[in-house]
Amino acid sequence: MPSKRQPSRPQAASRRGPTPLDRATGVLEIDLGAIVKNWHSLQAKVGKAVQCTAVVKADAYGLGMVPVAKALAAAGCKTFFVASLEEGMALRQALKTQEIAVLNGLLPHSEKDFLSARLIPVLNDLGQIENWRKLSLPLKTRPPAILHLDTGMSRLGLSPAEMAVLAGAPDRLAGVALRAVISHLACAEEPKHPKNAEQRRLFLAARRKLPPAPGGLANSSGIFLGPDFHFDFVRPGAALYGLNPHSSGPNPMAQVVRLKGKILQVRDVDRGGTVGYGATHRMERGGRVATVAVGYADGWFRSGSPRTTAGIGGRRVPVVGRISMDLMTFDVTGIDPALLEPGSFVDLIDGESTPDVVGERAGTIGYEVLTALGRRYHRVYSGG
């Protein structure tokens with residue numbers, strides 16, 4: 001009589017085939033709960049009278065614009081900033097009622113897209129103001145816009161000369177519903193830098209020459225400069241994603257991301273053996289090398305080759321040889337072989353090796369680390 005016993009779990013798994021985790025060469029864990037916690041923390045820091053918005057440009061700094069924005073909207077965030085029109089249109093599909101402002105401004109022939117998607121352009125020069133004004137003239141309602149003033153970045157925003165023209169001809173804003181006036185701090189990460197006070201002074205002087213509207217000056221680091229920089233709303237980005245808003249000192253934000261890379265192979269390398277392109281690393285003693293399936297195509301910078309480490313079983317192991325496009329190699333001599341089976345993971349970003357630390361080791365900043373993380377990772381969202 002045939003047995004009616006159910007197949008074991010390994011057999012069942014085999015019939016289902018490999019899971020996404022089995023196929024993944026790396027796993028990027030994103031804690032939406034930590035992002036929400038950081039937003040609440042920043043909102044508490046500025047107080048109830050100041051609105052805390054959220055910058056979700058660049059795919060929420062590489063972490064997924066839609067899931068991040070949805071989690072923040074559910075937590076109470078009402079205004080979001082993106083960089084481009086395309087980002088704004090994509091976000092509007094996910095958020096139906098929240099305000100979405102586009103920092104890069106009103107590009108030629110894009111006006112109707114802004115209207116149809118209910119996006120707020122950030123007007124960066126007199127030409128953009130004129131185009132938005134002309135668009136609004138035949139409309140029954142005046143569409144909102146944000147005015148950007150350049151107070152020292154020399155990047156986007158009305159220059160001092162353009163600001164003088166606008167102040168002398170206020171009718172240029174006729175037909176524009178001025179939702180807000182903003183500027184951007186250049187040196188907020190350095191609290192004692194004199195540029196901060198200078199930009200605040202210029203922002204105050206410019207606002208006095210404009211129609212009344214809410215003001216916004218502080219980015220993530222600007223929030224920590226104190227109430228004088230908060231105005232009516234703040235627009236954090238990096239701090240939401242766990243990056244340190246201070247150039248020095250402990251990080252007050254909750255960590256958001258963890259990254260694991262999969263071990264593909266472990267091999268013994270004799271004394272004198274070389275590892276990687278250019279034979280830049282030579283084994284002084286015989287040892288073991290683990291090859292991990294993460295490289296610069298995954299956003300792990302080649303410039304981090306000399307200083308990158310990974311965590312295995314509570315220990316840090318150093319990278320050896322150059323980081324290549326898809327792979328990097330670590331000296332795992334002395335690590336328990338049970339932790340080094342192919343398919344096992346090493347910790348690349350964790351509580352010790354944070355995005356800020358990874359960036360410093362690669363000669364860059366945590367911002368670039370997050371936004372460079374590639375699409376080949378299996379992403380796991382939690383807490384939202």
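Select R235 and G216. The side chain of R235 reaches the backbone oxygen of G216 at 3.3 Å. That is a polar contact: N or O atoms within 3.5 Å, where one must be able to donate a hydrogen and the other to accept it, and residues adjacent in sequence count only if both atoms are side-chain atoms.

Before moving on, note that this is a predicted model, where local features need pLDDT of at least 70 and side-chain atom pairs count only at pLDDT 80 or more, while totals for chains, interfaces and linings use all residues. Residues are numbered from 1 along each chain, and side-chain values use heavy atoms, without hydrogens and water.

**Stay on R235.** R235 sits in the loop between β10 (233-234) and β11 (257-269). Helices (H or I, at least four residues) and strands (E, at least two) are DSSP runs, numbered from the N terminus. R235 is buried, meaning under 20% relative accessible area with a 1.4 Å probe, protein chains only. Now show the contacts of R235 beyond four places in sequence; among them are T53, F81, H184 and N219. Contact means heavy atoms within 4.5 Å.

**Next, the rings.** The structure holds five aromatic pairs. Rings of Phe, Tyr and Trp (its six-membered ring) pair if their centres lie within 6.5 Å; planes under 30 degrees apart are stacked, over 60 edge-to-face, and the rest tilted.

Select Y61 and Y241. They form a tilted pair, 4.8 Å centre to centre, with 35° between the planes. Y61 lies in helix α4 (residues 57-62) and Y241 in the loop between β10 and β11, so the pair ties together parts 180 residues apart in sequence. Both Y61 and Y241 are buried.

Select F114 and W132. This pair is edge-to-face, 6.3 Å centre to centre, with 75° between the planes. F114 is in helix α7 (residues 111-116) and W132 in helix α8 (residues 126-136). F114 counts as buried because its relative accessibility is 1%. W132, at 0%, counts as buried too.

**Last stop: T364.** T364 lies in the loop between α12 (355-361) and α13 (366-372). Show E368 as well: a polar contact of 2.3 Å joins the side chains of T364 and E368. Beyond four places in sequence, T364 is in contact with F301 and G359.

Terms used. Buried means under 20% relative accessible area, exposed over 50%, partly exposed in between (1.4 Å probe, protein chains only). Lys and Arg count as positive and Asp and Glu as negative; His and the chain ends are not counted. A salt bridge is a side-chain nitrogen of Lys or Arg within 4 Å of a carboxyl oxygen of Asp or Glu.
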